[in-house]
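Subject: Structure handover

Hello,

Please find the structure below. My notes on it follow.

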2 protein chains.
Amino acid sequence: MRSSRQRDAVLEVLRASCDHPTADIIFERVREQIPNISLGTVYRNLGQLKDEGFITVVESSDTKVHYEGNLSDHIHFLCKNCHNITDIFCETKIPSVLTDMGHKVQSQKTVYYGVCKDCRDNIN
Amino acid sequence: MRSSRQRDAVLEVLRASCDHPTADIIFERVREQIPNISLGTVYRNLGQLKDEGFITVVESSDTKVHYEGNLSDHIHFLCKNCHNITDIFCETKIPSVLTDMGHKVQSQKTVYYGVCKDCRDNIN
DNA sequence: TTGCTAAGTAGTAATGATTACTATTACTGT
DNA sequence: ACAGTAATAGTAATCATTACTACTTAGCAA
């Protein structure tokens, strides 16, 4: 993988994003720097960056894939009302059942679902 | 939601499945009982069953949505090699950080990624 | 029972996120 | 500078899922 302005921009945008943007949102943001970048280029680079371990994917409730540039160990809280994804930094430990079963664990993804504080305050 | 043969069959198939089938796999299996069921009917019923809380959705690495009829508290292990999803029954507890932040937690989904025992044995 | 009505269905068309393709461009080592 | 090859822009194709429509059926009330 050799360097390219487009891929650098995609990674930079993702690292600067505190939300968890979809490919089309990333496309919009990168276009501010590179107006004629192609959506296909964004998708291709997101795929490569994911394969190389520079970014990760967040599963959400909508049909689009969300991306994330923050690789530090954390989990997510997804609000069923506003659909915001919040990063939650807390320690995660691998259940011994898995290793006992002989599986090799490399990574994990945890998502908690519920109603966030802001939505609770606004609803009640 | 009134009863329908098609929806009953979809739920029955899903409850009898120990894998985590996609809509088209469920479609195939239900067709053994109801040969002329429509794929759209399968999708619509999966959606309703999910909304009513009878089934859940499992996020995986492929583009298709996987469904699950087993509602008991458990997590998943996804093998990066064979892509099988294994149910892991172990206790899960909500991090206090979440409730401390004022969020209301209703459910959770945890997936561990790695290489399963069978694949490790075959590869090595 | 019978009729009414709204929910459900089969079959098919449409949608839309993602991927593939192709001619062209731009890194990078020699 | 040049060759070789990865990367790009723009566009077409894919395909899982959803929407639509005419028809059917569950379920209730007279």
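How far does a polar side-chain atom of B:Tyr43 lie from a phosphate oxygen of DNA strand D? The distance is 2.3 Å. That pair is a polar contact, meaning two N or O atoms within 3.5 Å; within protein, one must be able to donate a hydrogen and the other to accept it, and residues adjacent in sequence count only if both atoms are side-chain atoms.

Before the rest, the conventions. The model is predicted, and local features need pLDDT of at least 70, side-chain atom pairs count only at pLDDT 80 or more, and totals for chains, interfaces and linings use all residues. Residues are numbered from 1 along each chain as its sequence is written, chains are lettered from A and ligands numbered from 1 in the order in which they are written, and side-chain values use heavy atoms, with hydrogens and water left out.

DNA strand D

The side chain of A:Arg7 places an N or O atom 3.0 Å from one, and a polar side-chain atom of A:Asn45 is 3.4 Å from one. Two or more residues each are given to the surface near DNA strand D by α1 (5-16) and α3 (39-51) of chain A and by α3 (39-51) of chain B. Helices here are DSSP runs (H or I, at least four residues), as are strands (E, at least two), and both are numbered from the N terminus. A residue is near a molecule or strand if one of its heavy atoms lies within 4 Å of it.

There are 18 residues around DNA strand D, and those that come nearest are A:Arg2, A:Ser4, A:Thr41, A:Arg44 and B:Tyr43. The largest share of this surface, four residues, is from α3(A). By class the surface has five nonpolar, eight polar and five charged residues. Nonpolar covers Ala, Val, Leu, Ile, Met, Phe, Trp, Tyr, Cys and Pro, charged covers Asp, Glu, Lys and Arg, and the others, Gly among them, count as polar. Sugar or phosphate accounts for 70% of the atoms of DNA strand D within 4 Å of the protein, and bases for the rest.

DNA strand C

DNA strand C is surrounded by 17 residues, of which A:Tyr43, B:Arg2, B:Ser4, B:Thr41 and B:Arg44 are the closest. A polar side-chain atom of B:Ser4 is 2.5 Å from a phosphate oxygen, and a backbone N or O atom of A:Ser3 is 3.4 Å from a phosphate oxygen. A base is also reached: an N or O atom in the side chain of A:Arg2 is 3.1 Å from a base oxygen of DNA strand C. The elements that give two or more residues to this surface are α1 (5-16) and α3 of chain B, and α3(B) gives the largest share, four residues. The surface near DNA strand C divides into four nonpolar, eight polar and five charged residues.

Helix packing

At what angle do the axes of α1(A) and α3(A) cross? They cross at roughly 70 degrees and come within 10 Å. α1(A) is therefore roughly perpendicular to α3(A), a label for angles of 65 to 115 degrees. Axes are lines fitted to C-alpha atoms, for helices over the stretch in contact, and angles run from 0 to 180 degrees between N-to-C directions.

In this contact (heavy atoms within 4.5 Å), A:Gln6, A:Arg7, A:Val10, A:Leu11 and A:Leu14 of α1(A) meet A:Thr41, A:Val42, A:Asn45, A:Leu46, A:Gln48 and A:Leu49 of α3(A). Six of the contact residues are nonpolar, four polar and one charged.

In chain B, α1(B) and α3(B) pack at about 70 degrees, with their axes 10 Å apart.

The sheet

An open sheet of six strands runs in the order β4(A)-β3(A)-β5(A)-β5(B)-β3(B)-β4(B), with mixed pairing. Strands pair if DSSP finds at least two bridges between them. β4 (85-88) of chain A and β4 (85-88) of chain B stand at the edges with a single partner strand each, so one side of each has no neighbour in the sheet. From one strand to the next, the twist averages 25 degrees. Within chain B, β3 (residues 75-79) and β5 (residues 104-115) run parallel and are joined by four bridges. B:Phe77 is opposite B:Tyr112 in β5(B).

Chain A overall

Chain A has five helices and five strands, in the order α-α-α-β-β-β-β-α-β-α from the N terminus. Its C-alpha trace spans about 45 × 45 × 25 Å along the principal axes.

Regards

Terms used: Parallel < 35°, antiparallel > 145°, perpendicular 65-115°, else oblique.
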